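Hello,

Here is the structure for you to look through. My notes follow below it.

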Amino acid sequence: MSLYINNIIRCHSKAFVVAVMLSFVIVCPMSAQPRRADYSKLSSMVRSLVTVERIASLGTLQKTGKAASDDCRRLCAFVQTESDSVLAANGARTLARYGDICIADIPIGSIAALSLDRSVRRIEAGRGIRALTDTMAVVTDALPAYQGTKLPQAYTGEGVVMGIQDIGFDLTHPNFYTADGSRYRIKRLWDQLSADTVGSTMYVGAEYTDEAALTDYRHSRDAVIQSHGTHTLGIAAGSGYDKHYRGMAYDTDICLVSNVVSDDVVFIDSADLYKYTYATDALGFKYIFDYAESQGRPCVISFSEGSDEDLRGDDVLYYEMLRRMTGPGRIIVSSAGNSGHILNYIHKPAGDESAGTYISSSLDNLTMVLQSSDDFVLRIIAYGAEGRDSLTITSRKVVDSSDSTLTLTAMLGGARFVVDMTAYRSSVYPDKTAYDFYIEGPDRIGRAPSLSLEILGKESDVELFRTGATTFYSYGDSPHFRSGDNTHGINSPSAAPSVICVGATSYRKNFRNKDGKNVVVDWGAGGVRAAYSSVGPTVDGRTKPDVMAPGSNIISSIGSYWFEKKPNELEFVVDSSYFNGDKYYWSASTGTSMSSPAVGGIVALWLQANPGLTPDDVLGVISRTSNPVSGHDGSHDNLCGYGQIDAYRGLLDILGLSKIESLSDRQPCALNIYVDRGRRLRISAGEESTEEMSLRVYSVDGSLRYSSVLKSGQREWSVDLSALPDGVYAVQTDGADRALTGSTLVRLKN
């Protein structure tokens, strides 16, 4: 079973990007001669847009004698400038600002002129984000943590805003009400694809700000073809309704942004295509944080989407904007990616004659990025029915070509191929040159004829990064072209220093579906690192992921509007619920998309304990309290980060209770401990105890507030705590059976 949804992916070649963008050109007349731009200030996508605009304008000039521009098309971009006036003078509109970096809506025809202004230091935009999950066909039972049975009873996310920016939200699912169905918990939705734009004040789409508007709208516009967000939201914050598939922070208020991924392009008018970029995603993060601030509440956002890291610097302002946007009570967690089980990276060190791999793609093109400070040679071999054909490209020839771009057409293996290679200074290591490599040929390129790529040059040190839908693979028993490893697979923006990057672990291999059929889906068991979970480092050498959480076969809510169009998915449904006369379903998915909202929900619990936590604070808690992943030695590395997150140990650390030497850092799994409405501590066991247990109650300042002995021969005990003031307390039990020993947080309140 494939791990990925088919996606329209971001391609890195200038030739390819220009060709795609030309298909969306809309010409609006103006009288000025098209101007050249300062390309050094523009990210690669913006450079391509300016190139297309100039070509279109010159073509119109030749035909009509008048220049043309794309003023009716607009781009959402990051702009580094302190001047709103220069933006306004060029027809641009400032949408958000953090210091000298803003998000702006810019007429495409004005980008060139804007780049020439001395006060503008950079204009950046990128596209091609994708959802990081498998299909809904991967289903199993949920872990106890997702059933709510291991959640600390004192912390449920109350008073915290859980933000999700994703695709495919079913706003009517009972999972987003309280467990008794009495209170609706979604407070806001900005649907960036909504067609209800009449009177909307939003940059794109529309917002829905009360229960009536949300439930009348029923689902995000893309929820007829997507269900990803319904599932991730359920993991982070679902109540479970009448089922035990409860999310991690089931008492939070919920704020949503339905953004755009590559599969959603069908909903976008071509004139609005460039309004949807990384900058628009950043506006989505700001929207959620702004809502939380208006309510005076801390907020954590989970983001289960991403795209490839690059060496062009397309994420420089994006990452800086995220750094400025986050802070005390403002946390972003994001999925690491699902490429850990495939080859992502090849390193040919100096001294080795060559390094190579077979290459293919599910598309008619494939892309890669290379990086080196040395001259090297690329050799492409096609293996056709009539024998082998090869094409050799030297890096020096690419650098010396006009605009440092070399485009070649060749017949290889009986098929026609177009190869494009562009050189530029690496944004990560300025002393190195980066190269975008693009090759176009027959559909499912690299299958017939098969292709290999080899890096040559004994004196050269070269890195090669897989991007998009490209596949590196070995062929049969051939000893050749077996280079590569699974590192350098972390997605953006998870690679950003200020974002908590989440990888996945696996616990179960099989499940029984709604019809009783046993289904085996094996990504490992016992808490091992899931093979698909992306492996670091980042392209600039930082350790990622930061933390791990269960991601394989996790049950949560799925969208009913999506499911209506997917009757073949019924085999993979685990359960169903009736609510307000309609039927809703519970299924599961696999991927780091599932891990991220789990961590997001846990961070919400932590924010309830300390609303002022910063991203660095959260990383500190993670580093001190995470558990080693099964089969891993517990060291901080690019496979598992600091280990698997532990919600309970994290709370003890945040509250300072971990300093109490006699307090356990795990809960007693054989006991149920809670406080009833009469402020009595209730303790129950599955069977009568054969020996006495000790009981101690501590306040968060570490003071012992109560102690006693729980008599043997009982299954239930009750302790009056009404004399204690309101607050959070740690209850420690110690028994002869390890399952009776541990601590639990409880809360006393009127």
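Predicted model: local features only at pLDDT ≥ 70, side-chain atom pairs only at ≥ 80, totals over all residues.

Buried means under 20% relative accessible area, with a 1.4 Å probe and protein chains only. Helices are DSSP runs of H or I, at least four residues, and strands are E runs of at least two, numbered from the N terminus.

**Helix H14**

How many of the 9 residues of H14 are buried? The count is 8, in a helix that spans residues 647–655. Leu651, Leu652 and Ile654 are among them. The cover includes helices H12 (592–609) and H13 (615–625), and strands E40 (727–734) and E41 (742–748). Contact here means heavy atoms within 4.5 Å. At the start of H14, a side-chain oxygen of Asp646 comes within 3.1 Å of the backbone nitrogen of Tyr648. Just after H14, Gly656 has a positive phi of about 80 degrees.

**Reading the numbers**

Residues are numbered from 1 along each chain as its sequence is written, and side-chain values use heavy atoms, leaving out hydrogens and water. Local features need pLDDT of at least 70 and side-chain atom pairs count only at pLDDT 80 or more, while totals for chains, interfaces and linings use all residues.

Best wishes

Terms used: Buried < 20%, exposed > 50% of the residue type's maximum accessible area, 1.4 Å probe, protein only. Polar contact = N/O pair within 3.5 Å; in protein donor to acceptor, adjacent residues only side chain to side chain.
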